[in-house]
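Subject: Structure for you to look at

Hello,

Here is the structure we talked about. Please open it first, then read the notes below beside it.

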Amino acid sequence: MAVVLSLRWAGVTPEQYDAMLEAVRWEERVPDGLVLHVAWFEPGAMHVTDVWNAEEDFQQFFATRLAPAVQEVGLAGQPEVRFSPAHRHYVASTG
């Protein structure tokens, strides 16, 4: 069952997010099970909303690719993370 990941990470800057993107390259090497990724910032925090085919897909991605980059970039603290079952998802074609 598809899940929605809602994440808020206090203290993460756009520059740190961009460094993570450069290190992990998830747009070039799309993780298995990732359907959609959106990130945005408010003063003092990063927010992410993802749709994954299964929570286990995200956990695998985190363990093998994202966690090492978190250490490399030096992100402090821990994110607030919540998974919710997706009732429905639709991604409009961009082409």
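Keep in mind that this is a predicted model.

Start with the two helices. On one side of their contact are Gln16, Ala19, Met20, Ala23 and Val24 of α1, and on the other are Phe61, Arg65, Leu66, Ala69, Val70, Glu72 and Val73 of α2. Sorted by type, the residues of this contact are nine nonpolar, one polar and two charged.

Next, the geometry. Two packed helices are described by the angle between their axes and the distance between the axes. Helix α1 covers residues 14-24 and helix α2 covers residues 55-73. Their axes come within 9 Å and cross at roughly 130°. Angles over 145 degrees would count as roughly antiparallel and those from 65 to 115 as roughly perpendicular, so α1 is oblique to α2. The crossing of α1 and α2 is right-handed.

Then the sheet. In what order do the four strands lie? The order is β2-β3-β1-β4, in an open sheet with antiparallel pairing. β2 (34-42) and β4 (80-85) are the edge strands, and each of them pairs on one side only. On average, neighbouring strands in this sheet are turned by 15° against each other, direction ignored.

Strand β3 spans residues 45-52, and β2 pairs with β3 in the antiparallel sense over eight bridges. To find the pair in the viewer, look for Glu42, which stands opposite Ala45 in β3.

Regards

How values were computed: Residues numbered from 1 in each chain as written. Predicted model: local features only at pLDDT ≥ 70, side-chain atom pairs only at ≥ 80, totals over all residues. Heavy atoms only, no water. Axes fitted to C-alpha atoms, helices over the stretch in contact; angles between N-to-C directions. Parallel < 35°, antiparallel > 145°, perpendicular 65-115°, else oblique. Left-handed = near helix turned anticlockwise from the far one by under 90°. Contact = heavy atoms within 4.5 Å. Nonpolar A, V, L, I, M, F, W, Y, C, P; charged D, E, K, R; others polar. Pairing = 2+ DSSP bridges.
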